[in-house]
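Good morning, everyone, and thank you for coming. Please take a moment with the sequence and the structure before I go through some of the packing.

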Amino acid sequence: MAFWRIKNVRIAGVAACVPKNIVRTSDIELFTPEEAETFDKTVGIKQRRIAPADVCASDMCQAASERLLSELGWKKESVDALIFESVTGDYRTPPTACLLQDRMGLSENCFCLDLPMGCCGCMYAMTVAGNLLQAGTIKRALLLVGDTALRMGSMKDKSRVPLFGDAGTAMALEYDENAKPVVIEFHTDGSGYKALMTPHGGFRHPFTAESLVEEDFGHGIVRAPMHTLIEGMSVFSFAISKPPRSVQDFMEREGIDKDQDIDYFLIHQANKLIVDRVVKKLKLPLDKVPYNLEEFGNLGGASIPSLMVTRLRERLQSDNPTRLLCSSFGLGLSWGTMFLDVQRLVIPELIEI
């Protein structure tokens, strides 16, 4: 079973960085004014932050981590591990984590790793870093999670363009024998991989002239094999069925009462239709479910840490213990549930570049 109860690991801080450039749904040329208004009401993503061409996910993650290290007062040589989670790394090779180690001036003894796990990326990074830290052989780790996802798709694809925003986040973890356990559970159904994929550009289907040939699928969807695709109905069906069921099973196994034991439920901000349905299925108290998709769109793996920064900053910085139950789902298809018990986090204000 893909289940971990990670001990001796404390989340010390969280930071997030977004581009200054705001794109409202009404600014997107694919939509008529009436369609934009309908999209805003139903999908709930009214605007998103889009990075300029010379800014990568690594740049935003670096800005977030530099600010976080400064406010934590951590010396860079004290960071023992750096994990970069993104599907939009700087290059196919080398790993972007190695580039960030150099750009940030971290120690040559720093363990570096890239993870390309998409919307579950924060949880995957937490699992890897947590298991590295809990033994006590390393003391501090940075988890950098971010994407510039819009660049992966076709700008003529109405099913994808309006959904995503760009962001980079950083989480600081450290060894602490007094820390409350981080509990994480994962699931995978690889048979559904075609619902979220980029057909060409890997080694199964290398990039060729054919990769650039656009096809009109109707309904405002025009893309080539080099572009990332979303099978909307398949993803919707998956997101409102398997993740909620796993959250329910997780709470039952852990003896968690959703009304008494959890302060906030952080649900991957895919779109309002999906989040609302998950909330309804689990009968969650609405005042415990923060949303930020209306401002930032789907931020992939950065969704959970961005919620912590933009919606829960004041509470998480306080002395009051805060219990968070997180649910993410996406590429793979993969989905996971995570329980965090945190307090006195260092959280800089949202950074804009």
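Let me begin with a term: a crossing is called left-handed if the near helix is turned anticlockwise from the far one by less than a right angle, and right-handed if clockwise. Please also keep in mind that this is a predicted model, in which local features need pLDDT of at least 70 and side-chain atom pairs count only at pLDDT 80 or more, while totals for chains, interfaces and linings use all residues. Residues are numbered from 1 along each chain as its sequence is written, and side-chain values use heavy atoms, with hydrogens and water left out.

Helices (H or I, at least four residues) and strands (E, at least two) are DSSP runs, numbered from the N terminus. With that, helix 6 (residues 242–254) passes helix 7 (residues 272–282) in a right-handed crossing. Their axes, which are lines fitted to C-alpha atoms, for helices over the stretch in contact, with angles that run from 0 to 180 degrees between N-to-C directions, come within 10 Å and cross at roughly 35 degrees. Pro244, Val247 and Gln248 of helix 6 meet Val278, Lys281 and Leu282 of helix 7, where contact means heavy atoms within 4.5 Å.

Helix 2 (residues 57–72) and helix 3 (residues 96–103) pack at about 45 degrees, with their axes 11 Å apart, and here too the crossing is right-handed. On the side of helix 2 the contact is made by Ser58, Asp59, Gln62 and Glu66, and on that of helix 3 by Thr96, Leu100 and Arg103.

Turning to the strands, five of them form an open sheet in the order 1-9-16-15-14, with mixed pairing; two strands pair if DSSP finds at least two bridges between them. At the edges lie strand 1 (3–6) and strand 14 (264–267), each pairing on one side only. Strand 1 runs antiparallel to strand 9 (residues 182–188), and four bridges join them; Phe3, for one, has Glu185 as its bridge partner in strand 9. Helix 6 comes back here, for it packs on this sheet, and its direction makes about 40 degrees with that of strand 16 (334–342).

Finally, which side chain does Arg10 meet in a salt bridge? The partner is Glu174, at 2.5 Å, N to O, where a salt bridge is a side-chain nitrogen of Lys or Arg within 4 Å of a carboxyl oxygen of Asp or Glu. Arg10 lies in strand 2 and Glu174 in strand 8, so the pair ties together parts that are 164 residues apart in sequence.
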